[in-house]
Amino acid sequence: MRIGLVTEGGYPHVSGDAGLWCDRLVRGLGQHEFDVYALSHGPRQEDEDRPEPPPHVSRIRTAPLWTAEEDGVAYGRRARRRFAESYGELAQVLCAGPGGRGAAGADGPDVVPGHMTDRFGSALYGLAELARDEGGLIGALRSDTAVRTLERACRAPGAHTVARQARVPDLLTVAAHLERALRPLSLAWYGDDGLGAADLCHATAAGPAALPGLLAGHFSGVPLLVTEYGAQLRAHYLATGPDVATPAVRTLLAAFHGRLAAEVYGRAAIITPGNAHTRRWQERCGADRSRIRTVHPGMEAARFTEVGEAQDRADPDTLVWVGRVEPAKDLVSLLHAFAEVRKEEPEARLRVVGAPAGPQGAAYLGHCKALAAQLFPDEAEGVHAVGDNPVCFEEIGGPQAPTLADAYASGAVVVLSSVVEGFPVGLAEAMFCGRATVSTDVGAVVEVIGGTGLVVPPRNPRALAEACVALLRDPERRQRLGAAARARALELFTVEQNVAAFRCIYLEIVSHCPVRRVVLDEKGEPLPFAVPAEAHVPGRWTGPVAPVAGRGRPGRAPGATAGYTPVRATPLAAPEGAL
């Protein structure tokens, strides 16, 4: 089948967890044809050298989200009216008061009322149809008309109390954010030479990155699969705190992203969160449980095999922390916890292995080094010996940690001290290495560990220290936990299980939601066997399945929609004309 793979800020332009996952998925499903549609976040992503894609990747199309040029189209009277109606309805939904608040307040998500979901979808697809028919949507979203429309919605009777407090700078900020988020509506990706020709659209993130998948379903009936390894709505809340935006801006943007998430989850044929933590966010935003399949990320286990099978390489007195250095990792609590560990185990040492994440991470790393120097003055055994600090900061590739596996191999216990975490990749890597772990109870940590490590509350240095001391003093317990952790990781978190899961999900979606189209050859004649065999399966099913809020399209099998068909068949018999 032909898969339209929609990515954001990752594959095929940059490496990292998202890029590696997509690359492994594409290479593992060589029996399918992939078209990659990449949304980039900056010019550096597009300029970086990217690996040669496998031969079954037919093409790669890139669109920048970081910039957009107006096409110079000036709307006539009818087009201006269409824009005012659609954008006005969108603004009214975002500014709705408590009676229709739904999707997301400034402080968290709530289930969206049905009528609000319908109005939001109507406005969204109205803008998309305007962009397809007339063009010029970028300029319209940047116009004074858009700002004035937002202002009228904020001042209208029944508007949210916080939205009424919006001032001109707030309205300009919200209008600019909406223009950036809605840029995918103007892309020329939705015709028969693009996503409209796909048998399945797989969006590797929700939020604005899933807009191409929504429009492919709206215009061409292409079923949508959404994968999230971290809830996009949660990421938005974390990025727009009280110190970043005013209450009015936060409320309006939270409403937009909450209702967009509800629309994406409602239209998707299947949603695949990477862990139970993300799944709970999706269900809170209105995702149907019957269409959710948890698929854990797939990781390369081979590079950790030597370490996992050779336990004697570990220093029995060393704790190891591995990851990106940033405030969310709470290395300050780890350092204070290690000070307590040293009181009980004077020979203990701590290795912090990782590079800073951007300028903020670099500043945080400097703060942590200063704190370590204050808490642990250089120690010397005698007056003629050189002092040594029990805490060292390193990066992967250095003499002490040439590879990631070597970093994990150097310690007896791997520590995770985060206060915010999605899927803890570093924790899974430590499990592949057969290491006992001490982690804070955040994100999907408990789901990943599954009883093979110790878990303590976040921001609790004393509890973290007690757990570390308990493992440092009990080598047999460390060995048991490490062996159990490695066995669990090999069962749940390998590339093979991830690829196998998506292979089955692809077939499940296409068998239930076939796209009916006639493919012509060079002479204009119908091309036999140009669509997968699953497209010929009858449109009535024997199993109880949940309906999907979607639009049907002409030529689809009887009763079929953009998702599952809630119809039971009585004795199963092939209808006339079925293969």
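Leaving aside neighbours within four places in sequence, L5 is in contact with Y11, V26, F34, D35, V36, Y37, H202 and T204, where contact means heavy atoms within 4.5 Å. The model is a predicted one, in which local features need pLDDT of at least 70 and side-chain atom pairs count only at pLDDT 80 or more, while totals for chains, interfaces and linings use all residues. Residues are numbered from 1 along each chain as its sequence is written, and side-chain values use heavy atoms, with hydrogens and water left out.

**The chain as a whole**

- The chain has 20 helices and 14 strands, these being DSSP runs numbered from the N terminus, with helices taken as H or I of at least four residues and strands as E of at least two.
- Of the 579 residues of the chain, 53% count as buried, a term that stands for under 20% relative accessible area, with exposed being over 50% and partly exposed lying in between (1.4 Å probe, protein chains only).
- Among the contacts in the chain with a separation of 6 or more, 74% are accounted for by residues 24 or more positions apart.

**Helices α9 and α10**

- Helix α9 (residues 232-239) packs with helix α10 (residues 247-267) at an angle of about 170 degrees, and their axes are 10 Å apart; axes are lines fitted to C-alpha atoms, for helices over the stretch in contact, and angles run from 0 to 180 degrees between N-to-C directions.
- That angle makes α9 roughly antiparallel to α10, given that angles under 35 degrees count as roughly parallel, over 145 as roughly antiparallel, 65 to 115 as roughly perpendicular and the rest as oblique.
- On the α9 side the contact is formed by L233, H236 and Y237, which meet L253, A254, H257 and G258 in α10.
- By class, this contact of α9 with α10 has four nonpolar, three polar and no charged residues, where Ala, Val, Leu, Ile, Met, Phe, Trp, Tyr, Cys and Pro count as nonpolar, Asp, Glu, Lys and Arg as charged, and the others, Gly among them, as polar.
- F256 is also placed in helix α10 and is buried, with a relative accessible area of 1%.
- Not counting residues up to four places away in sequence, F256 touches L94, F120, L178, A181 and L182; the C-alpha atoms of F256 and F120 are separated by 9.0 Å, although the two residues are 136 residues apart along the chain.

**Helices α6 and α7**

- Helix α6 (residues 144-155) and helix α7 (residues 168-181) pack with their axes 9 Å apart and at an angle of about 120 degrees, and α6 and α7 are therefore oblique to each other.
- V147, L150, E151 and C154 in α6 meet L171, L172, V174, A175 and L178 in α7.
- The residues of the contact of α6 with α7 divide into eight nonpolar, no polar and one charged.

**Buried residues in strands and a loop**

- L5 is found in strand β1 (residues 2-8) and counts as buried at 0% relative accessibility; its C-alpha atom is separated by 7.5 Å from that of T204, which is 199 residues apart from L5 along the chain.
- S439, in strand β13 (residues 436-440), is buried with a relative accessible area of 0%.
- Leaving aside its neighbours within four places in sequence, S439 is in contact with L416, L427, V445, I449, L454, V455 and V456.
- S410 lies in the loop between α15 (404-409) and β12 (411-416) and is buried, with a relative accessible area of 14%.
- S410 and L319 are 91 residues apart in sequence and 8.5 Å apart in space, C-alpha to C-alpha.

- Most residues other than glycine have a negative phi.
- D330, in the loop between β9 (315-322) and α13 (331-344), has a positive phi near 50 degrees and counts as buried at 10% relative accessibility.
- R459, in the loop between β14 (454-456) and α18 (461-472), has a positive phi of about 55 degrees although it is not a glycine, and R459 counts as exposed at 63% relative accessibility.
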